[in-house]
Amino acid sequence: MTVAWHERLRRGGLAALEVCVVAALYYGSARLGLLQQLVRGQVTPVWPPSGIAVAALLLRGPRIWPGITLGAFLVNITLGPSVPAVLAIVAGNTLAPLCSYALLRRTGFRKELDRLRDALALIFLGAFTGMLISATTGSAALVLSGALSLDRFWPTWSVWWTGDAMGVLVVTPVLLVLRRARWPSGVPPVRWMEGLLLAVAAIGVGFVETGRAPLLFLGFPLLFWAAFRFQLTGAAPCALAVSTFAILAAARRSGPFAGHDLVTNMISLQAFNGTAALTALLLSAILGERAQSQREIELACGQLADMVSKITTGDHHPLLTRGPTRTTGADAGKADGEPR
């Protein structure tokens, strides 16, 4: 009885620790996201906590939902506008990733993201569909509390929805990659040099993106390089870096975001971020499926070669080893030429 009680206590402590870690990650990433707020100090072009929440549910299961609720409450209680509105926003921020998780589980989503169907499910169900709940609930709460005028509902809703969706598209894949990251062994030095060169190129492209020249498109060759050479392990962080630099450029109103109003800049930014995330996820998934098919073909060819080798080195005349065939008396008489 004492052993069982200690085991339950240990499991309860681990569950509480997981909840606290998720809440801390949610709160910390929310503070980073709020540095680039666009509407009322709490609506941002990319909301990283949504990506952290979906990833946490996929990795640890639905039992960590209190961590999402606690993190969302700690963030929004300081932003207002009122306690009922905060509770509504927190409820939406909790239900949205839970809905995404349920939809992904129903489609048989695999956390490896090595299939095209998994990438499509994360894009259209995890990001675009699930985040409708948080955007609708949050925008409605701001309008009903009087913090937002009715004519600002749809602009706020669009920024909220795309921000949450972009958080899932650019943050969740990175966390799923980190979950299975291992220190590689036996990697040739040339491979390490290529990875380092990719990281340096990403930083260089980031500085160019935040400059005065409209050169956001330079991020796409980087995504192609990362996906073809490193698949999702390289493409997911690269997409996150490219999107982050684009957000910084939009906040500074530099490059292609100079001289335009907020709505135009938001459309341009979210179109770019969405395209970058879609490119990274879909291309990595397609290449992953191709690599898996190639491995299966190589395995089948190896098995076929083993079978052929066993056949060619075995006995070709198994019937000759059985000895003379026994004959009946009638057959012996026929062999001697006797009439039946």
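1. Basis. The model is predicted, so that local features need pLDDT of at least 70 and side-chain atom pairs count only at pLDDT 80 or more, whereas totals for chains, interfaces and linings use all residues. Residues are numbered from 1 along each chain as its sequence is written, and side-chain values use heavy atoms, with hydrogens and water left out.

2. Largest pocket. The volume of the largest pocket is about 770 Å³, a volume being the space filled by probe spheres set on grid points that are joined across faces, edges and corners. A pocket here is an open set of points, on a 1 Å grid over the protein atoms alone, where a 1.4 Å probe fits, with protein on both sides within 12 Å along at least five of seven lines, and lining residues have an atom within 4 Å of a point. Of its 25 lining residues, Gly195, Phe230, Thr233, Gly234 and Pro237 are the closest to the centre.

3. Its lining. Helix 7 (153-179), helix 8 (189-209), helix 9 (219-230) and helix 10 (232-252) each give at least two residues to the lining of the largest pocket, and helix 8 has the largest share, with eight residues; helices are DSSP runs of H or I, at least four residues, numbered from the N terminus. The lining of the largest pocket comprises 17 nonpolar, four polar and four charged residues, where Ala, Val, Leu, Ile, Met, Phe, Trp, Tyr, Cys and Pro count as nonpolar, Asp, Glu, Lys and Arg as charged, and the others, Gly among them, as polar.

4. Second largest pocket. This pocket holds about 340 Å³ of space, and of the 17 residues that line it the closest to its centre are Leu32, Gly33, Val46, Pro48 and Thr244. Helix 10 provides the largest share of this lining, five residues, and the lining as a whole has eleven nonpolar, six polar and no charged residues.

5. Helices 7 and 10. The axes of helix 7 and helix 10 come within 9 Å and cross at roughly 145°, with axes fitted to C-alpha atoms over the stretch in contact and angles running from 0 to 180 degrees between N-to-C directions. In their contact (heavy atoms within 4.5 Å), residues of helix 7 including Val170 and Pro173 meet residues of helix 10 including Leu232 and Pro237, and the contact has nine nonpolar, two polar and no charged residues.

6. Helices 3 and 4. The axes of helix 3 (residues 65-76) and helix 4 (residues 83-106) likewise come within 9 Å and cross at roughly 145°. The contact of helix 3 with helix 4 has ten nonpolar, four polar and no charged residues.
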